[in-house]
Amino acid sequence: MRTSQLLLRSGLTMAATALPIALATPSAAVPTGISVSTTGSSVTVTTSDCPNSTNGAFGTASLLASGQANFSQGRQATLVGTSTSQSASWINVTPGTYTVIVVCRDGTTAGTQSVIVTAATPTISATASPSRGVMGGMGGATEEYDTVTLVGGGALVAAGTVAAVWYLRRRAKPHRL
C-alpha cells in the first residue's frame, strides 16, 4: 500500500512538471504551400499557391544542395501547369539532402521544404528456368561424350564402390589388441 502511494505521488509530480513544458513548445507542424516528392533520382515539387502566369510560367523553383544559401545558387526550374496546380521537376539529382524553394511570378514565396534523395536500388528480376533441366557435366568444356569421358566416369564410379566396400568391411571386423 505504501509503495503504490509513493508511485502515485511521484507520477503526479512528474506530470505536473512536464505539462507546462509541453504546452509552451510550439507546434512542429507548420503548413507549407508546396509538396515535394522523389522517385529515384528525380525530384518534383507541386503547389497551388501561384495562380497567376505570364506566358505559361507561374514562377520558379530552386533546388538547393547543402552548402548553398540563397535561391539563385540552386538548380532552377520553371513552374508550369494550370491556375489550380503548378509543378517543376529536376532529373539526375545525386543522393543527398536538398531544400526546395518556390517563388511565384509576383515575387511571393509559396513555400520551402527539405527533401532527402536516396540512391536508387537496382531492380533484380528472375530469369526463365531452363527448358531441359539442369545441364551437368564438365562445365561446358565438352560437347559430346566420347570414349575418354565415359572411361573417366566409369573409373570414378569403380573407385568409389571399392572405397565404400573397403570402409564398410573394415568397420565390421572386431578390433583386437
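**View 1. Strand S3 and its pairing partners.** Strands S3 and S4 (residues 75-81) are paired in the antiparallel sense over five bridges; two strands pair if DSSP finds at least two bridges between them. Strands (E, at least two residues) and helices (H or I, at least four) are DSSP runs numbered from the N terminus. Leu79 in S4 stands opposite Gly59. S3 also pairs with strand S6 (residues 96-104), in the antiparallel sense and over six bridges, and Val103 in S6 is the bridge partner of Thr60. The model is predicted: local features need pLDDT of at least 70, side-chain atom pairs count only at pLDDT 80 or more, and totals for chains, interfaces and linings use all residues. Residues are numbered from 1 along each chain as its sequence is written, and side-chain values use heavy atoms, with hydrogens and water left out.

**View 2. Burial of strand S3.** Because five of the six residues of S3 (residues 59-64) are buried, the strand is largely enclosed by the rest of the structure. Buried means under 20% relative accessible area (1.4 Å probe, protein chains only).

**View 3. Surroundings of Ser62.** Ser62 belongs to strand S3 and counts as buried, at 0% relative accessibility. A polar atom of the Ser62 side chain lies 2.8 Å from the backbone oxygen of Phe71. Beyond its neighbours within four places in sequence, Ser62 is in contact (heavy atoms within 4.5 Å) with residues including Phe71, Trp90 and Ile101.

View 4. UniProt, in an unreviewed entry, places the feature "transmembrane region" at residues 148-168. This span is 100% helix and 0% strand, and its end C-alpha atoms lie 30 Å apart.

Definitions and conventions: Buried < 20%, exposed > 50% of the residue type's maximum accessible area, 1.4 Å probe, protein only. Polar contact = N/O pair within 3.5 Å; in protein donor to acceptor, adjacent residues only side chain to side chain. UniProt positions renumbered as here; feature names shortened; annotations may be inferred.
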